[in-house]
Amino acid sequence: MTVRSSHPPLAELHCHIEGAAEPALASEMAERYGVDLSGYISDNGYVWSDFSSFLEAYDAVAACFRTEDDYARLGETYLTALANDGAIYAELFVSPDHARSSGLAPGAYIEGLSRGIERARVTCGIEARMIVVGVRHLGAEAVREAACFAASPRHRTIVTGFGMAGDERFGAIEDYAPAFDIARDAGLGLTVHSGELCGPDQVRRTLTAIRPDRLGHGVRASEDRSLLGEIAEAGIVLEICPGSNLALGLYPDMARHPLKALVEAGVKVTLNSDDPPFFHTSLAAEYERAAEIGFGQAEQLAFTRTAIEAAFVDEATRKRLLDRLMLQAIGCGAAANPTNGLGADDRQG
Ligand code: ADE
Ligand code: ZN
């Protein structure tokens with residue numbers, strides 16, 4: 001396997017599997033099932049104009065993956081490309097609600113994805129786990145059902161986390177707490193999308209009601225200094241997706257993106273791609289974006305290290321991944337200062 005890299009090894013904690021489908025693959029699936037995707041794909045790119053139309057395009061693409069084999073292929077294709085870009089670990093957000101909408105039983109959906117994950121592991125050495133997500137705008141009962149599915153022991157070695165995605169503007173976060181209680185009691189790691197579209201108040205309420213290990217996005221916590229201090233103090237990890245934030249218009253450019261402010265405030269931060277082809281990005285491109293605003297090799301290595309430290313894996317796997325990370329990092333000269341912060345000897349400009 002050839003790995004192209006001018007950056008340290010990568011790790012992804014925040015990528016929605018249906019959102020990782022390249023337009024060419026989605027078009028092939030659409031043709032197979034006689035679905036018209038022309039309203040959502042143009043010039044080999046996805047077409048949407050705001051968060052709501054993005055979610056609509058996402059659902060339309062997801063509806064073109066219908067069988068266990070389709071999902072095995074999607075999982076393998078995505079992880080193989082990620083490994084070729086230098087990733088050693090990935091967590092996939094998977095959605096039983098999207099599987100059901102495609103006529104596929106959630107159990108078969110997980111089986112298919114597990115096959116894709118295993119194939120990529122064997123051929124490329126990339127390790128991966130799944131995080132079952134509930135979809136917030138489908139309501140608290142649907143999210144509770146997703147949590148019950150995630151908590152069932154059947155897929156325990158590969159489904160290691162529970163989360164919530166969807167439209168953050170929908171419903172009161174407190175209504176979703178029972179779903180997260182079920183997942184916590186089952187021993188799953190917890191992450192929740194918060195502070196992407198809504199501001200610091202939403203993040204505060206999320207921390208109190210859900211008690212997550214990680215936040216999906218959380219960027220808008222940067223608008224409240226004392227909240228940032230609390231997040232740093234509690235060691236809650238933020239899954240930052242800069243390309244997604246720029247594409248959705250949260251910030252006009254990286255100079256105004258809070259990535260640097262978050263790191264400087266002592267918040268644990270990782271870099272992620274969210275829905276890469278929808279946002280014209282990739283995990284490698286996210287590391288390059290970070291490099292453009294001054295994060296050097298050692299700081300990029302620290303993002304990956306933080307991701308592996310925060311990964312929803314057993315401790316033996318975590319140790320294996322950390323050992324591999326440090327070995328590869330020494331190989332590419334990035335191992336000088338692997339702490340998560342702006343390394344004094346590594347600051348650019
Ligand atoms: N589902 C897929 N991508 C998402 C995002 N960026 N925010 C919320 N829900 C999502
Ligand atoms: Zn997301």
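Contact here means heavy atoms within 4.5 Å. By that rule, Arg204 is in contact with Asp224, Ser226, Leu227 and Glu230, leaving aside its neighbours within four places in sequence. The structure is a predicted model, in which local features need pLDDT of at least 70, side-chain atom pairs count only at pLDDT 80 or more, and totals for chains, interfaces and linings use all residues. Residues are numbered from 1 along each chain as its sequence is written, chains are lettered from A and ligands numbered from 1 in the order in which they are written, and side-chain values use heavy atoms, with hydrogens and water left out.

**Overall fold**

- The chain has 14 helices and 10 strands. Both are DSSP runs numbered from the N terminus: helices are H or I with at least four residues, strands are E with at least two.
- Along the principal axes, the C-alpha atoms fill a box of roughly 55 × 45 × 40 Å.
- Buried residues make up 60% of the 349 residues. Buried means under 20% relative accessible area, exposed means over 50%, and partly exposed lies in between (1.4 Å probe, protein chains only).
- Among contacts with a separation of 6 or more, 75% join residues 24 or more positions apart.
- The accessible surface comes to about 13200 Å², and carbon and sulfur atoms hold 50% of it. Areas come from the Shrake-Rupley method with a 1.4 Å probe; for residues, only the protein chains shown count as cover.

**Annotated domain**

- UniProt, in an unreviewed entry, places the feature "domain: Adenosine deaminase" at residues 9–325. UniProt positions are given in the numbering used here, feature names are shortened, and annotations may be inferred rather than shown by experiment.
- The end C-alpha atoms of residues 9–325 lie 6 Å apart. This span is 49% helix and 17% strand.

**Zinc site**

- The zinc ion (ligand 2) has four protein donors: His14 (NE2), His16 (NE2), His193 (NE2) and Asp274 (OD). They lie 2.1 to 2.3 Å from the ion.
- Donors are N, O and S atoms within 2.8 Å of the metal (3.2 Å for Na, K and Ca); water is not among the atoms, so sites may look incomplete.
- The spacing of the donors along the chain is H-x1-H-x176-H-x80-D. His14 lies in strand β1 (residues 10–16) and Asp274 in the loop between β10 (268–271) and α12 (283–292), so the pair ties together parts that are 260 residues apart in sequence.
- His14 is buried at 0% relative accessibility. Asp274 is buried at 2%.

**Helix α12**

- The buried residues of α12 are Leu283, Ala284, Glu286, Tyr287, Arg289 and Ala290.
- Their cover includes β1, α3 (68–84), α10 (242–247), α11 (259–264), β10 and α13 (297–310).
- Gly294 follows α12 and has a positive phi, near 105 degrees.

- Most residues other than glycine have a negative phi.
- Asp43 is not a glycine, yet its phi is positive, about 50 degrees. Asp43 sits in the loop between β2 (41–42) and β3 (45–46) and is exposed at 79%.
- His280 is not a glycine either, and its phi is positive at about 50 degrees. His280 belongs to the loop between β10 and α12 and is exposed at 61%.

**Other residues**

- Arg204 is in helix α8 (residues 200–210) and is partly exposed at 26%. Its C-alpha atom is separated by 9.4 Å from that of Ile231, 27 residues apart along the chain.
- Gly171 lies in the loop between β6 (159–165) and α7 (177–185). Gly171 is partly exposed at 47%. Not counting residues up to four places away in sequence, Gly171 touches Arg136 and Tyr176.
- Lys319 is in helix α14 (residues 315–331) and is exposed at 51%.
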